[in-house]
Amino acid sequence: MSFPLLTVTAAVPAVGAVLTAAVPAARRTAAKWLALLVSLATLVLAAVVFARFEPGGDRYQLTESHAWIKDFGVRYELGVDGIGVALIGLTALLIPFIVLAGWHDADPLETQSKRWRPTQGFFALILMVEAMVILSFEATDVFLFYILFEAMLIPMYFLIGGFGDRAHSGTDENAAAQRSYAAVKFLLYNLAGGLIMLAAVIGLYVVAGNFSLTEIAEARANGQLDMATSTERWLFLGFFFAFAVKAPLWPLHTWLPNAMGEATAPVAVLITAVVDKVGTFAMLRFCLGLFPEASKWATPAIIVLALISIVYGALLAVGQRDIKRLVAYASISHFGFIIMGIFAMTSQGQSGATLYMVNHGISTAALMLVAGFLISRRGSRLIADYGGVQKAAPVLAGTFLIGGLATLSLPGLAPFVSEFLVLVGTFARYPVAGIVATTGIVLAALYVLVLYQRTMTGPAKEETRNMPDLRARELVVVAPLIAVLILLGVYPQPLTDVVNPAVRHTMSDVQQKDPSPEVEAAK
Amino acid sequence: MSATAVAPVVHTLWTTAAGPIDKIPAPHIEYTQLSPVLIVVGAAVVSVLVEAFVPRKARHHTQVFLSVLALVAAFAAVVGLAAGGYGSTKAHIAAMGAIAVDGPALFLQGVILLSAVLAVLTFAERRLDPADHGHRVDSFAAEAAAVPGSDQEKAAVKAGFTTTEVFPLTLFAVAGMLVFPAANDLLTLFIALEVFSLPLYLLCAVARRKRLMSQEAAVKYFLLGAFSSAFLLFGIALLYGYAGSVSYADIAQVVSGDVPAVDPALAQTMGNDVLLLIGFAMVLMGLLFKVGAVPFHMWTPDVYQGAPTPVTGFMAAATKVAAFGAMLRFLYVVLPGLTWDWRPVMWGVAIVTMLGGAVVAITQTDIKRLLAYSSIAHAGFILAGVIAATPTGVSSVLFYLAAYSFVTIGAFAVVTLVRDAGGEATHLSKWAGLGRRSPLVAAVFAVFLLAFAGIPLTSGFSGKFAVFKAAADGGAGALVVVGVISSAVAAFFYIRVIVLMFFSEPKADGPTVAVPSGLTSVAITAGVVVTLALGFAPQYFLDLASQASVFVR
């Protein structure tokens with residue numbers, strides 16, 4: 001038996017979470033360091049996965065398979081393709097920065113009971129989410145994936161509801177009410193999506209008799225499994241609904257601004273940059289992989305919804321007065337791009353969408369974490385409370401600008417490559433959609449630059465005049481993220497090499513060929 | 001049949017009665033195979049004697065010891081029988097056709113006994129309330145017969161009386177519950193029903209605090225319960241008229257169109273489908289009342305709220321197990337030929353039960369009432385598995401019942417811990433901020449709530465998946481969709497409690513969490529362990545349930 005690398009990659013943060021939670025109340029700092037070490041160890045393991053993965057090899061590699069719940073036809077089956085490898089890398093890369101950025105976010109208040117251990121809980125929950133997200137990128141058994149998809153809601157829910165942003169307007173009580181509203185909204189939206197998916201999962205079992213992605217695909221290929229058209233469509237809709245809530249796609253997006261607004265900045269990054277990627281990843285792997293015909297059938301409607309997301313999210317971002325909600329709406333716009341790229345059914349579109357997932361994660365993390373540092377200095381999330389920050393804190397302002405420029409996909413920074421690929425891939429098949437989507441880029445420039453102008457330039461306000469610049473810990477968080485953004489912007493090849501073969505497999509799942517002569521995506 | 005043919009029958013009846021005694025055959029009883037029931041009944045009788053003869057001081061300990069010992073011994077007997085093959089190859093009908101010894105019966109008896117052990121542990125808890133007049137007190141009235149607030153009651157409290165009668169009552173109830181899912185004729189079914197119902201009515205009435213509410217609950221339960229028993233009995237009478245027998249096998253034979261010998265006295269009615277349909281509907285009503293399915297659920301919230309909380313936990317878990325067991329046997333053994341007739345009715349019942357329980361629970365402000373409505377919704381989910389009418393349906397229901405009973409007992413045991421000056425603080429507003437003050441208790445309760453909500457990696461999810469899968473396999477896909485929707489609704493109010501516990505600021509005059517003795521701790525720990533074990537690794541127990549899913553006919 002070979003070394004179960006994938007299991008270990010997920011098990012390390014899971015065990016780390018338990019250990020972190022068990023640290024005594026007084027040894028708060030030890031818990032933080034433990035969490036950081038565990039997340040770094042996971043990053044090393046993810047790097048090993050990346051190195052061991054052979055782009056030209058089998059579709060699913062490093063596979064593991066064990067019997068689990070025989071009665072339900074469920075196996076503990078893991079395997080990664082290029083898309084999974086890329087997203088595991090993203091997750092493992094971001095968590096150490098999230099931990100570092102949230103270093104003081106969960107320090108207990110003086111008034112709180114001595115037995116209440118928020119710090120340990122906070123970092124343990126983050127690691128628990130990491131473990132579940134990584135395992136969900138590895139699962140090739142639909143049921144196993146479903147369990148993780150649902151179970152990760154619980155730690156996320158506690159992270160949102162239990163550890164709110166301390167910068168808020170109004171009373172503590174009011175803020176607590178808003179926070180628990182956001183947490184409940186997050187949970188109910190996602191749980192409802194998940195339960196609808198449960199109906200579809202049960203339906204899939206009735207039709208197929210097992211949950212293994214590879215076995216089902218094989219049975220479909222050699223004609224043993226024949227799904228009626230209507231059945232396939234219903235099942236597809238059940239799965240897609242859950243993923244569209246998670247991703248989130250208009251009109252199921254309304255939980256995201258609440259959740260990201262009320263959560264602390266690192267948790268907001270965890271939501272949008274890491275957890276939401278499970279939704280888009282699952283569209284690629286499960287919607288297209290299990291229900292190719294139904295996916296093609298639904299494509300026009302989904303493209304329209306994605307377009308609405310792109311434009312609507314961007315428009316609302318322009319109108320936001322709250323920095324974190326602005327980033328949330330910008331994310332909704334970007335998720336529109338990702339979903340459009342997936343369902344354009346071209347190899348550029350899907351490669352672009354996968355790269356987009358990674359790049360959006362990194363760029364949003366950079367922007368949001370710097371925004372979090374900014375907010376923690378002034379104690380307010382409102383844009384109107386800032387002005388002239390760049391004079392007092394030039395490094396903070398500069399990094400904020402780079403994060404913002406990445407968000408608007410400036411050439412030379414990583415997101416440009418992916419956004420360009422998505423647009424090209426979409427244009428090849430749906431020219432009108434491609435043209436409409438470009439308005440999203442124009443609006444992105446608007447909301448990012450206006451945000452920068454209002455907060456960083458102009459006359460300094462009373463409260464911002466003496467704002468301290470980034471501290472060492474904060475620089476350690478921001479600098480590597482910006483370095484990665486630039487690196488992937490000028491040299492995306494290591495990533496595309498891994499992603500492209502996987503996309504070719506997905507394209508053959510849906511039996512689609514590129515409309516124009518095939519172009520190797522972004523060499 | 002003419003009158004001349006009837007006359008000799010009457011004559012022979014008279015002569016038989018006057019005949020020699022040795023012609024009455026002695027009933028053949030398989031004592032070993034009935035040992036679980038016999039042990040519990042025997043212990044119950046001894047327990048009554050303990051009440052009469054053991055001095056008051058030693059009574060509590062003696063009763064607890066005796067009850068736990070008897071229940072554990074009975075469980076060992078069940079395991080022994082199952083290991084001896086009585087659950088599968090050697091399954092047969094014992095006690096002259098009255099009681100079935102087969103897989104489902106043994107499985108459910110095991111579940112009932114285990115939940116009874118845990119329940120008895122919570123009954124015996126005497127650390128939660130401060131001592132009264134220097135005497136430790138449990139959840140039960142000092143003297144149940146004393147009028148609340150009277151001088152007699154005060155005297156009883158001062159003297160340190162306790163209602164140790166709850167232990168023999170519980171043992172009798174358990175004995176009835178053991179027979180209920182194993183009953184193989186309608187009369188045994190009825191007697192078992194009464195044997196477990198009557199002690200439960202009494203148990204509901206003996207709360208130490210809020211005594212009037214407790215007595216009100218008992219009266220409501222008794223009146224409505226008596227009503228449902230009457231329905232059941234009338235249904236039995238009609239079925240007897242239809243089939244000329246109360247034995248399950250005989251009725252099934254007549255239903256399938258194979259009438260053995262027409263009883264001359266019943267020549268007018270035998271084989272009359274009107275009697276069959278009305279009769280089975282009435283029996284089913286009696287059973288649906290016991291499981292608390294809509295529209296026979298009205299008693300549930302009041303009784304759950306008023307009864308002493310340990311009793312509520314016991315009742316919610318064990319009654320449901322016993323009643324669903326009886327329902328399964330009735331539908332699968334007596335009425336397999338009638339599946340097409342009962343399924344549409346049960347569809348309707350299952351749908352309104354799932355939706356009704358989940359929707360009404362949203363507006364509840366008392367934790368015990370909330371759990372009561374949630375138990376109604378769960379009855380609906382289990383009905384979805386019953387409707388499947390396949391062996392996987394049976395095994396999924398068995399598994400669900402096992403999973404559910406442990407979660408329920410654990411959850412109600414936690415409710416007993418949260419107290420203020422007036423006893424248990426069951427109003428939801430008082431639970432605000434519990435997670436900050438007692439993280440461990442709140443976390444444990446959260447685990448139970450998540451299991452109720454059916455979140456993956458808890459037993460609730462495995463159970464829900466099993467019944468929904470069975471229902472979908474059995475062609476009830478629409479039911480699964482309704483079930484999923486009501487799960488989403490139900491999730492809302494479970495989550496609301498979690499929000500209250502963890503995200504609300506604790507109130508200054510909020511309740512305290514009593515530190516329980518080992519007894520309650522064991523019950524709660526067992527609940528958590530089983531909940532997580534059935535969530536992470538349910539395969540062994542699913543195997544057990546599917547091996548146990550064949551009814552003997």
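Which residues does A:I126 touch, not counting residues up to four places away in sequence? In this predicted model, A:I126 touches A:A35, A:I95, A:I98, A:V99, A:L159 and A:L270. A:I126 is also one of the residues with the most contacts inside the largest nonpolar core, together with A:L369 and B:V40. That core has 430 residues, and helix α7 (residues 172-208) of chain A gives the most to it, with 19 residues. In soluble globular proteins, nonpolar side chains tend to be buried together.

**Chain A**

Chain A contains 20 helices and 2 strands. Of the contacts in chain A with a separation of 6 or more, 83% are between residues 24 or more positions apart.

| Property of chain A | Value |
|---|---|
| Box filled by the C-alpha atoms, along the principal axes | roughly 70 × 55 × 40 Å |
| Buried residues | 62% of 523 residues |

The strands are β1 (residues 61-69) and β2 (residues 74-80) of chain A. They run antiparallel and are joined by 6 bridges; A:S65 has A:E77 in β2(A) as its bridge partner. The hairpin they form has 4 residues between the strands, and A:G73 takes a positive phi near 70° there. Strand β2(A) is largely enclosed by the rest of the structure, because 6 of its 7 residues are buried.

**Contact between the chains**

Chain B brings 28 residues to the contact and chain A brings 31 residues. On the side of chain B that touches chain A, at least two residues come from each of α16 (434-437), α17 (439-453), α18 (459-473), α19 (477-503) and α21 (539-547). Helix α19(B) supplies the largest share, 11 residues. By class, this side of chain B has 20 nonpolar, 3 polar and 5 charged residues.

**Confidence**

The model scores ipTM 0.80 and pTM 0.87. Chain B has a mean pLDDT of 87, with 96% of its residues at 70 or more. Where pLDDT is low, the predicted coordinates should not be read in detail.

Notes: Residues numbered from 1 in each chain as written. Chains lettered and ligands numbered in written order. Predicted model: local features only at pLDDT ≥ 70, side-chain atom pairs only at ≥ 80, totals over all residues. Contact = placed C-beta atoms within 7 Å. Nonpolar A, V, L, I, M, F, W, Y, C, P; charged D, E, K, R; others polar. pLDDT = per-residue confidence, 0-100. Buried ≥ 20, exposed ≤ 12 C-beta atoms within 10 Å, placed from the backbone. Pairing = 2+ DSSP bridges. Core = buried A, V, L, I, M, F, W, Y, C linked by C-beta atoms within 7 Å.
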